[in-house]
Amino acid sequence: MAQGLFITLEGGEGAGKSTAARGLAEALRAEGHEVVLTREPGGTKGAEAIRALLLNQDLPLDALAQTMLHFAARADHVAGLIRPALARGAIVICDRFYDSTMAYQAYGQNVPIAQVRALIELVGLQPDITFLLTLPEAQAQARLAQRAAATDRYEQMNRDFFARVQAGFAEIAAAAPERVVTIDASPAPEAVVATMRTALRARTGR
Ligand code: TMP
C-alpha cells in the first residue's frame, strides 16, 4: 500500500485543470508537504514520447491503438514516477489519469468500456481522490477560444465528441461517489483551489 496520497484532476478541455492543479500543489507545498505535480499523457521521458504520438493529428491511429498507447504511457508513468513518489510519502497530483481514457476513448471514441476497464486493472493503481472540474458548455468554449490555438488530435474533435466525453465524466462521477468529487470550475482559480483543499481535508483527513 502506498503511504502517500494520489490525487487526480479530470475534466473536458478548457475547464482550468492545469491551473487548478498548480494552485493545489502550491497550497499543499506551503503547508510543508512534498508534492509531485505531473500530467498525462506524459510525466516521464518515455510517456512524453508516447504523448507526442498520441497528440499528433497528422498520424492516423485506430481508437483501440490510442487507448493502448495511453495505457502504455500510464504504465511507464506509474512505475517510473508515481509509485516511487507515493512510496516515499509524497502527495502526487496528476493532471488527468485513467478516467480520461474512459471518457475520451470509451465514451468519446466508442472503445468498449470493458476493454478500458481491463487495462485499468492491469495498471492497478487507483487514485485516493479525483476532482472532476466542470464548466457549462458555453463557458468552456469561451475559455478555449481565448487560448492560442495549437490544435492536437483531440482538440480538433467535434461538438458531439465533447458532449459524449462530458456525459462520460458525469457517469464516472455518479458511479464512484466515494472517489470522485465534482467541482464547479466557473469561479476564480483561487476559489476553485480553496474548494478542492477543503474537500481534500474532508475526504482524506490531510
Ligand atoms: P491535456 O490537453 O490535458 O494536456 O491532455 C491531452 C489530450 O489528451 C486531451 O485532449 C485529452 C486527451 N486524453 C485522452 O484522450 N485520453 C487519455 O487517457 C488522456 C490522459 C488524455
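In helix α8 (residues 189-204), the residues V192, V193, M196, R197, A199 and L200 are buried, meaning under 20% relative accessible area with a 1.4 Å probe and protein chains only. The model is a predicted one, in which local features need pLDDT of at least 70 and side-chain atom pairs count only at pLDDT 80 or more, while totals for chains, interfaces and linings use all residues. Residues are numbered from 1 along each chain as its sequence is written, and side-chain values use heavy atoms, with hydrogens and water left out.

**Helix α8**
- The cover over the buried residues of α8 includes β1 (5-10), α1 (17-30), β4 (129-134) and β5 (180-184).
- After α8 comes G205, whose phi is positive, near 75°.

**Helices α3 and α5**
- The axes of α3 (residues 63-87) and α5 (residues 113-123), which are lines fitted to C-alpha atoms over the stretch in contact, come within 10 Å and cross at roughly 20°.
- That angle makes α3 roughly parallel to α5, a term for angles under 35 degrees.
- Contact, meaning heavy atoms within 4.5 Å, is made by L64, T67, M68, F71, R74, V78 and R83 of α3 together with Q115, V116, L119, I120 and V123 of α5.

**Helices α2 and α3**
- The axes of α2 (residues 45-55) and α3 come within 8 Å and cross at roughly 160°.
- This crossing angle makes α2 roughly antiparallel to α3, the term for angles over 145 degrees.
- On the α2 side the contact is made by G46, A47, I50 and L54, and on the α3 side by Q66, L69, H70, A72, A73 and D76.

Definitions and conventions:
Axes are lines fitted to C-alpha atoms, for helices over the stretch in contact, and angles run from 0 to 180 degrees between N-to-C directions. Helices (H or I, at least four residues) and strands (E, at least two) are DSSP runs, numbered from the N terminus. Angles under 35 degrees count as roughly parallel, over 145 as roughly antiparallel, 65 to 115 as roughly perpendicular and the rest as oblique. Buried means under 20% relative accessible area, exposed over 50%, partly exposed in between (1.4 Å probe, protein chains only).
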